Amino acid sequence: DSTGRHRQILLFTFAASLITRCSMVLSDRFWWLAACVFVTACLQAPVRPLLDSSVMTMLSDKSAYGKMRLYGQLGFGLGSSLVGLLIARHGFKVAFLVHALVSLPTFQIMRSFKVTSSSK
(Lines give C-alpha, C1' and ligand atoms only; values in the text may rest on other atoms or scores of the structure.)
Protein backbone atom coordinates (compact mmCIF):
# COMPACT_ATOMS: atom_id res chain seq x y z
CA ASP A 1 0.00 0.00 0.00
CA SER A 2 1.13 3.58 -0.58
CA THR A 3 1.13 4.49 3.14
CA GLY A 4 3.71 1.86 4.07
CA ARG A 5 1.41 0.42 6.74
CA HIS A 6 0.77 -2.87 4.93
CA ARG A 7 0.74 -5.06 8.04
CA GLN A 8 -1.38 -2.70 10.16
CA ILE A 9 -3.98 -2.30 7.41
CA LEU A 10 -4.10 -6.05 6.87
CA LEU A 11 -4.59 -6.77 10.58
CA PHE A 12 -7.16 -4.01 11.11
CA THR A 13 -9.30 -4.86 8.09
CA PHE A 14 -9.19 -8.58 8.86
CA ALA A 15 -10.15 -8.12 12.53
CA ALA A 16 -12.82 -5.49 11.84
CA SER A 17 -14.40 -7.58 9.07
CA LEU A 18 -14.41 -10.60 11.39
CA ILE A 19 -16.21 -8.61 14.08
CA THR A 20 -18.83 -7.28 11.67
CA ARG A 21 -19.31 -10.72 10.13
CA CYS A 22 -19.86 -12.32 13.53
CA SER A 23 -22.24 -9.52 14.56
CA MET A 24 -24.70 -10.73 11.90
CA VAL A 25 -26.08 -13.24 14.42
CA LEU A 26 -27.21 -10.45 16.76
CA SER A 27 -30.35 -9.72 14.78
CA ASP A 28 -32.39 -11.16 11.95
CA ARG A 29 -33.72 -7.78 10.79
CA PHE A 30 -33.07 -7.06 7.13
CA TRP A 31 -31.43 -3.65 7.57
CA TRP A 32 -29.09 -4.94 10.27
CA LEU A 33 -27.99 -7.83 8.05
CA ALA A 34 -27.67 -5.57 5.01
CA ALA A 35 -25.53 -3.11 6.95
CA CYS A 36 -23.32 -5.90 8.33
CA VAL A 37 -22.84 -7.40 4.87
CA PHE A 38 -22.01 -4.00 3.36
CA VAL A 39 -19.49 -3.06 6.08
CA THR A 40 -17.94 -6.53 6.00
CA ALA A 41 -17.53 -6.38 2.21
CA CYS A 42 -15.84 -2.97 2.43
CA LEU A 43 -13.48 -4.10 5.19
CA GLN A 44 -12.72 -7.48 3.61
CA ALA A 45 -11.92 -6.07 0.16
CA PRO A 46 -8.23 -5.26 0.83
CA VAL A 47 -7.50 -8.42 2.84
CA ARG A 48 -6.90 -10.92 0.02
CA PRO A 49 -4.64 -8.64 -2.10
CA LEU A 50 -2.62 -7.65 0.97
CA LEU A 51 -2.38 -11.27 2.08
CA ASP A 52 -1.33 -12.43 -1.39
CA SER A 53 1.29 -9.69 -1.51
CA SER A 54 2.64 -10.71 1.90
CA VAL A 55 2.89 -14.35 0.89
CA MET A 56 4.63 -13.50 -2.40
CA THR A 57 7.10 -11.32 -0.52
CA MET A 58 7.90 -14.11 1.95
CA LEU A 59 8.35 -16.85 -0.67
CA SER A 60 11.91 -17.39 -1.77
CA ASP A 61 10.68 -19.58 -4.66
CA LYS A 62 7.84 -17.64 -6.32
CA SER A 63 6.81 -20.71 -8.31
CA ALA A 64 5.59 -22.29 -5.03
CA TYR A 65 2.75 -19.74 -4.85
CA GLY A 66 0.41 -21.84 -7.00
CA LYS A 67 1.01 -24.88 -4.80
CA MET A 68 0.22 -22.82 -1.68
CA ARG A 69 -3.02 -21.59 -3.25
CA LEU A 70 -3.95 -25.17 -4.21
CA TYR A 71 -3.48 -26.44 -0.66
CA GLY A 72 -5.42 -23.46 0.65
CA GLN A 73 -8.34 -24.25 -1.63
CA LEU A 74 -8.26 -27.94 -0.67
CA GLY A 75 -8.35 -26.92 2.99
CA PHE A 76 -11.22 -24.54 2.29
CA GLY A 77 -13.18 -27.30 0.54
CA LEU A 78 -12.68 -29.73 3.41
CA GLY A 79 -13.51 -27.08 6.01
CA SER A 80 -16.64 -26.01 4.12
CA SER A 81 -17.85 -29.60 4.02
CA LEU A 82 -17.34 -30.01 7.76
CA VAL A 83 -19.06 -26.72 8.55
CA GLY A 84 -21.94 -27.77 6.30
CA LEU A 85 -22.42 -30.86 8.44
CA LEU A 86 -22.34 -28.73 11.60
CA ILE A 87 -24.92 -26.34 10.16
CA ALA A 88 -27.19 -29.26 9.26
CA ARG A 89 -27.05 -30.50 12.86
CA HIS A 90 -26.92 -27.28 14.89
CA GLY A 91 -28.25 -24.43 12.72
CA PHE A 92 -26.53 -21.69 10.75
CA LYS A 93 -25.28 -19.68 13.76
CA VAL A 94 -22.64 -22.33 14.44
CA ALA A 95 -20.95 -21.29 11.18
CA PHE A 96 -20.19 -17.86 12.66
CA LEU A 97 -18.68 -19.45 15.77
CA VAL A 98 -16.53 -21.79 13.70
CA HIS A 99 -15.48 -18.88 11.49
CA ALA A 100 -14.40 -16.85 14.51
CA LEU A 101 -12.47 -19.79 15.98
CA VAL A 102 -10.67 -20.51 12.70
CA SER A 103 -9.89 -16.82 12.24
CA LEU A 104 -7.97 -16.56 15.53
CA PRO A 105 -4.97 -18.64 14.40
CA THR A 106 -5.14 -16.94 11.01
CA PHE A 107 -4.87 -13.55 12.74
CA GLN A 108 -1.93 -14.79 14.81
CA ILE A 109 -0.13 -15.99 11.68
CA MET A 110 -0.73 -12.63 9.98
CA ARG A 111 0.71 -10.87 13.05
CA SER A 112 3.96 -12.77 12.52
CA PHE A 113 4.39 -11.42 8.96
CA LYS A 114 7.52 -9.37 8.60
CA VAL A 115 7.22 -6.35 6.36
CA THR A 116 10.15 -5.93 4.00
CA SER A 117 11.04 -3.04 1.78
CA SER A 118 9.52 -4.78 -1.26
CA SER A 119 6.07 -4.98 0.45
CA LYS A 120 6.05 -1.38 1.70
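This is a predicted model: local features need pLDDT of at least 70, side-chain atom pairs count only at pLDDT 80 or more; totals for chains, interfaces and linings use all residues.
1. Let me start with Ala88, which is exposed at a relative accessible area of 68% (buried means under 20% relative accessible area, exposed over 50% and partly exposed in between, with a 1.4 Å probe and protein chains only). Ala88 belongs to helix 4.

2. Residues are numbered from 1 along each chain as its sequence is written, and side-chain values use heavy atoms, with hydrogens and water left out.

3. On the overall fold, the chain has 5 helices and 0 strands, so the order from the N terminus reads α-α-α-α-α (helices are DSSP runs of H or I with at least four residues, strands are runs of E with at least two, and numbering starts at the N terminus). The C-alpha trace spans about 45 × 30 × 20 Å along its principal axes. Of the 120 residues in the chain, 23% are buried. Among contacts with a separation of 6 or more, 60% join residues 24 or more positions apart (contact means heavy atoms within 4.5 Å).

4. The partners are Arg69 and Asp52, whose closest N and O atoms are 3.4 Å apart. This pair links distant parts of the chain, as Arg69 sits in helix 4 and Asp52 in helix 3, 17 residues apart. Arg69 counts as partly exposed because its relative accessibility is 31%, and Asp52 is likewise partly exposed, at 22%.

5. Arg21, in helix 1, deserves a separate look. Arg21 is buried yet has no salt bridge, and Asp52, the nearest side chain of opposite charge, is 15 Å away (Lys and Arg count as positive, Asp and Glu as negative, and His and the chain ends are not counted). Leaving aside residues up to four places away in sequence, Arg21 touches Thr40, Gln44, Phe96 and His99.

6. With residues up to four places away in sequence set aside, Thr40 touches Ser17, Thr20, Arg21 and Met24. The C-alpha atoms of Thr40 and Gly77, 37 residues apart along the chain, are separated by 22 Å.

7. Finally, the largest pocket holds about 1,200 Å³ of space. Its lining has 27 residues, and the closest to the centre are Arg48, Leu51, Gly72, Phe76 and Thr106. A pocket here is an open set of points on a 1 Å grid over the protein atoms alone, where a 1.4 Å probe fits, with protein on both sides within 12 Å along at least five of seven lines; lining residues have an atom within 4 Å of a point. The volume is the space filled by probe spheres set on the points, which are joined across faces, edges and corners.

8. Which helix supplies the largest share of that lining? Helix 4 does, with 10 residues. Helix 1 (6–22), helix 3 (47–58), helix 4 (65–90) and helix 5 (93–111) each supply at least two. By class, the lining has 14 nonpolar, 9 polar and 4 charged residues (Ala, Val, Leu, Ile, Met, Phe, Trp, Tyr, Cys and Pro count as nonpolar, Asp, Glu, Lys and Arg as charged, and the others, Gly among them, as polar).

Conventions: A salt bridge is a side-chain nitrogen of Lys or Arg within 4 Å of a carboxyl oxygen of Asp or Glu.
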